[in-house]
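Here are my notes from going through the model. Have a look at the structure first, then read on.

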Amino acid sequence: MSSNSKQRAGATYELERGYRRMIVPAIIAVAIFAIVPLAGMLALSFSDYHLIRGSNGEFGLRNFIKLVNDKRLVNSIYVMSVLSLFGVAAQVIIGTAVAVGLHKIVGRWRLGRVLFLVPYAVPHVAVALIWLSLFTPTLSPINAFFDLFGITVPSFLTSQNGAMFAIIVADTWTNFPFTMLIILAALQGISPDLDEAAALDGASRVKTFIFITLPLLLPALLMVTLFRFIDSLKHFPMIFVMTKGGPGRSTQATNFYAYVQTFQNSNVAYGAAIAVLLFLMAALISFYVAKLNQRISS
Amino acid sequence: MKRLLATAVAATLAFGVPALTTAADEEINVVMFGMPYTNGLQKLAGDFEAETGIKANIDVIGQDVFENRITLSFTGATGDIDVVHTPVIQVQRWVAANWLKPITAEVDAMAVKSDIMAGPLDAYVINGEQWAVPYMAATGLMTYRKDILEEAGVDVPDTWEDMLSVAAKIHNDETAAIAMRAVPGQGFNMFIFPMVMRAYGGKFFEDYTGGDLTPAINSPETLEALNVYMKLLNEYGPQGAGNFNFAEVNAAAQNGQIAFALEGTGVVAQIVDPAKSKFADKTGIALPPAGPAGRSPAIAVHGLGIPASAKNPELSARFIEWAVSTETMTKIALSESFSNFTTGPVAQNPEVIEKYSKVHPDFLTMQADALNLAIGHYRPLLPDWPALGQAIGENINAALNGLVSPEEALEGAEQDMKDILGM
């Protein structure tokens, strides 16, 4: 090895060592703010701790055995699945459609993109309050408008399907811009030469999108679906503000049910067990989608 | 490496300096949820600082998030709250969890103690210790549209039976007959529904006052009450009434979309306030309707307590004494819709009397009548009440919105009560 290449190798080693050192604060931060609370939650889930009655010092699988026979948990998983599947599907479809539309816009109109980002900037509680008003017949301008023509808009928040629809609409409105941003970035990474080549070969715009653009977008679509899906498992503000889990208990998604057990029923240990289950579900989905993403990319 | 250390030191200082500043200054943090008194108190924080030199950071948040905020603070014993809004319905739970500091000696030393109404003050005595000082005692009242009743040629309903027949006569597409809180929650539908339930002789436990806490909500009396509540809201309520909370009831009354509202006095004061409601001059006030077992207006006492983790309880006690003083209470009664004060001399202030007589001539008398009729354990004063109230409220709301039958709802509510109480 020449002295020059030795110098280069030494410099590369020093650089890598520097990078490794720079990672240390991040590792410490993750350990403090993620791993420690996670370990605490796991320990709580095996305990019998109750906010009012305290603990008898018992540790075991009691809470997890209770989970298996809990009908309210089953209902909460159903609610969470419906909200997540339909919500994320709507966000990805609308986000992609808007991104494709905005991608072709040029000149000063490109500033119009900012408009589509507004819902994403609004805090979730404010979003929920806006949509609660819109779905409350006595407050809603939509109902007032249709009333002028003698049309009665149904009350969405008093039936399970209607309430879930309302939550999905509010969630989609505030979260589709995230999907739009990721897809827009991915579209900008696709060479326009491919479109031009397809046009020269006589392919229509729709065919070009389906057979050329969409396959190239697949990794981005998968990634954004994964991000949104994991985030959607944490349904809370929309439910808390718009329905309080009602009618009855019909919109209590799993995360909300964990809140009810922890804060309303003071059953901290059982709430932690539900949270652990939710964490495992999210981890499993992430792992599976990451594998799928790897396969598609390769 | 030097840069890294410098960054770490800067970060440490950035986090450390505010803590040092807080410790050096006389400053307290007060956390409350939004209502006329707390909003008024927040505006007077400067007066407290001018009088005592102590800076009070009064944080007024939504009722929904309040419980989560204080539960996280109390369980973590963070000491970041010096004075906390203490609803009487929560105080048993907080005392059982050792979240509050007993303040018997502090309250005994307050000059204002003899001016505070004895009933609300006693509501905060548990195991011989005082745990909070009341500032308001809200109750439940009914508002009605005088013009609509006159046009229909009917009297103000005195019983729930009367209400059913009047509602059938006046309900139409333009103006619904009645709205009440329906959304599930111990402070939401379970603040209102017991007014109907107790009027029909329904009860939560076999013998609450005698100490028999066997759940007894699944009774023919409660079923009858639930059927009345459901019929009124489903047949004579506005569209979407099954998801109404106090904000929606208030808005519907102020916009003239309903003829009757059954609400807490805090909301009633806004419905009849000409400054806030377009229909205030056409709105009357009455006691909640009676049933075969009599009349049972709601009651909710609110006060101020000191968390067990508070770092400087002496400053907290000084703040509470100032906050419930006749002078402060009078200022708030005059600036806000705040009439359910518990510091007696405020009611003798001529300006206060004049103000509330102008808002509505019957308001103060009706409120006093309702408070005289209310029973202290309208909602059971138990540590487990928040969980019980939530579970019962969910079942009642499920029946109201047709998810289960009324019979199934009461059966479910009783089973949930047994599960929560470990029976």
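Which residues does Thr213(A) touch, not counting residues up to four places away in sequence?

1. Thr213(A) touches Leu187(A), Ile190(A), Asp195(A) and Thr208(A), where contact means heavy atoms within 4.5 Å. Thr213(A) sits in helix α9 (residues 205-232) of chain A; helices here are DSSP runs (H or I, at least four residues), numbered from the N terminus. At 9% relative accessibility, Thr213(A) counts as buried. For the cut-offs, buried is under 20% relative accessible area, exposed is over 50%, and partly exposed is in between (1.4 Å probe, protein chains only).

2. Some housekeeping: this is a predicted model, so local features need pLDDT of at least 70 and side-chain atom pairs count only at pLDDT 80 or more, while totals for chains, interfaces and linings use all residues. Residues are numbered from 1 along each chain as its sequence is written, chains are lettered from A and ligands numbered from 1 in the order in which they are written, and side-chain values use heavy atoms, with hydrogens and water left out.

3. Still in chain A, Ala90(A) belongs to helix α3 (residues 71-103). Ala90(A) is partly exposed, at 22% relative accessibility. Leaving aside neighbours within four places in sequence, Ala90(A) is in contact with Gly95(A) and Thr172(A).

4. Take a look at the surface of chain A too. Ile142(A), Phe145(A), Phe146(A), Leu148(A), Phe149(A) and Ile151(A) make up a nonpolar patch with about 610 Å² of accessible area together. Patch members have over 30% relative accessible area and no salt bridge, and nonpolar side chains (Val, Leu, Ile, Met, Phe, Trp, Tyr) are joined within 5 Å. Phe149(A), in the loop between α6 (141-148) and α7 (160-188), is exposed at 57% relative accessible area.

5. Over in chain B, the assignment gives domain 1 (2-136 + 301-359) and domain 2 (138-299 + 372-421), with bounds from an automatic or database domain assignment. Their C-alpha centres lie 30 Å apart. The contact takes 15 residues from domain 1 and 20 residues from domain 2.

6. The largest nonpolar core has 124 residues, and those with the most contacts inside it include Trp160(B), Phe260(B) and Phe319(B). A core is a set of buried Ala, Val, Leu, Ile, Met, Phe, Trp, Tyr and Cys residues joined through side-chain atoms within 4.5 Å. Both domains of chain B give residues to this core, so it lies between them. Apart from it lies another core, of 46 residues, among them Leu83(A) and Ala220(A).

Conventions:
Patch = residues over 30% accessible without salt bridge, like charges linked within 9 Å, V, L, I, M, F, W, Y side chains within 5 Å. Areas by Shrake-Rupley, 256 points an atom, 1.4 Å probe, with all protein chains shown as cover. Salt bridge = Lys/Arg side-chain N within 4 Å of Asp/Glu carboxyl O. Helix = DSSP H or I, 4+ residues; strand = E, 2+ residues; numbered from the N terminus.
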